[in-house]
Amino acid sequence: ACRDQIESQACCVLANFLPQATLNELRQEAIHDLFQLIRPTDDEETWGPAYSDWVPDSPTFGPDHPRHKRHKTRVDFVGYSSFPVTSILRRLYESREMEALVSALVGERMYKCVDSSRSLNLSVMRNAGDTHGWHYDSNTAVVSLVLEAPQAGGEFEWAPYSRDEDN
């Protein structure tokens with residue numbers, strides 16, 4: 001069923017993917033061990049392009065093309081290199097089982113991302129108005145694991161099959 005969802009919607013929600021006890025451990029790790037490693041945004045908003053390969057004044061795309069639209073981001077995060085090797089989240093990310101699961105769901109062999117700025121990230125949005133901003137991930141597949149439901153808002157949006165190499 002999940003494979004069919006990925007084919008049709010480019011997304012699959014695995015409810016109860018982890019046992020509640022494991023999810024509680026991950027949440028506690030994030031709150032007690034990882035929050036202290038956060039690289040703060042100093043309450044400043046940044047505005048960035050939706051595309052990681054954005055090139056200003058690209059002759060390929062006109063000035064009104066969506067590639068030139070900038071989106072608000074205000075989020076704190078912990079990057080891969082800051083995760084202790086003993087971290088449960090890091091061990092889950094690095095596990096062969098997770099790699100095999102993602103490969104099976106996507107339908108092709110997947111590998112862990114070697115770019116530490118794009119691999120494992122803990123995004124923390126704790127204040128009203130915090131947002132990750134609209135963006136396109138340049139990886140073939142992305143796993144988003146929600147550790148805590150938001151008190152309000154928190155919409156997870158995606159646009160299936162909305163871009164290809166030419167647009």
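**The nonpolar core and its surroundings**

A: In this predicted model, the largest nonpolar core has 14 residues, and those touching the most other members are L34, F83, L89, L122 and L147. At least two residues of this core come from each of α2 (20-34), α3 (88-94) and β4 (121-124). The largest share belongs to α2, with four residues. As a general idea, nonpolar side chains tend to be buried together in soluble globular proteins.

Q: Which residues does L89 touch, leaving aside residues up to four places away in sequence?

A: With those neighbours left out, L89 touches L26, E29, L34, F83, L120, L122, L145 and L147.

Q: How many aromatic pairs are there, and how is the geometry of such a pair read?

A: The count comes to two aromatic pairs. One reads the distance between ring centres and the angle between ring planes; planes over 60 degrees apart count as edge-to-face. Y80 and Y93 form an edge-to-face pair, with 5.9 Å centre to centre and 65° between the planes. This pair links distant parts of the chain, since Y80 lies in the loop between β3 (76-79) and α3, while Y93 is in helix α3, 13 residues apart. Y80 and Y93 are both buried. The other pair, F156 and W158, is tilted, with 6.2 Å centre to centre and 50° between the planes.

Q: What sits over the ring of Y80?

A: A charged group may also be placed relative to a ring. Here the charged end of R90 sits over the ring of Y80, 4.5 Å from its centre.

Q: Which residues of helix α4 are buried, and where do they lie around the axis?

A: To read a helix, one asks which way its residues point. In α4 (residues 96-106), the buried residues are M98, E99, V102, S103 and L105. They lie on the same side of α4 because they cover an arc of only 165° around the axis. The face turned away from this buried side carries the exposed residues R96, E97 and A104.

Q: What do the buried residues of α4 pack against, and what follows just after α4?

A: The buried residues of α4 pack against α1 (2-9) and α3. Just after α4 comes G107, which takes a positive phi of about 90°.

Methods. Residues are numbered from 1 along each chain as its sequence is written. This is a predicted model: local features need pLDDT of at least 70, side-chain atom pairs count only at pLDDT 80 or more; totals for chains, interfaces and linings use all residues. Side-chain values use heavy atoms; hydrogens and water are left out. A nonpolar core is a set of buried Ala, Val, Leu, Ile, Met, Phe, Trp, Tyr and Cys residues joined through side-chain atoms within 4.5 Å. Buried means under 20% relative accessible area, exposed over 50%, partly exposed in between (1.4 Å probe, protein chains only). Contact means heavy atoms within 4.5 Å. Rings of Phe, Tyr and Trp (its six-membered ring) pair if their centres lie within 6.5 Å; planes under 30 degrees apart count as stacked, over 60 as edge-to-face and the rest as tilted. A charge sits over a ring if NZ of Lys or CZ of Arg is within 6 Å of the ring centre and within 35 degrees of the ring normal. The arc is that of the directions from the helix axis to the C-beta atoms.
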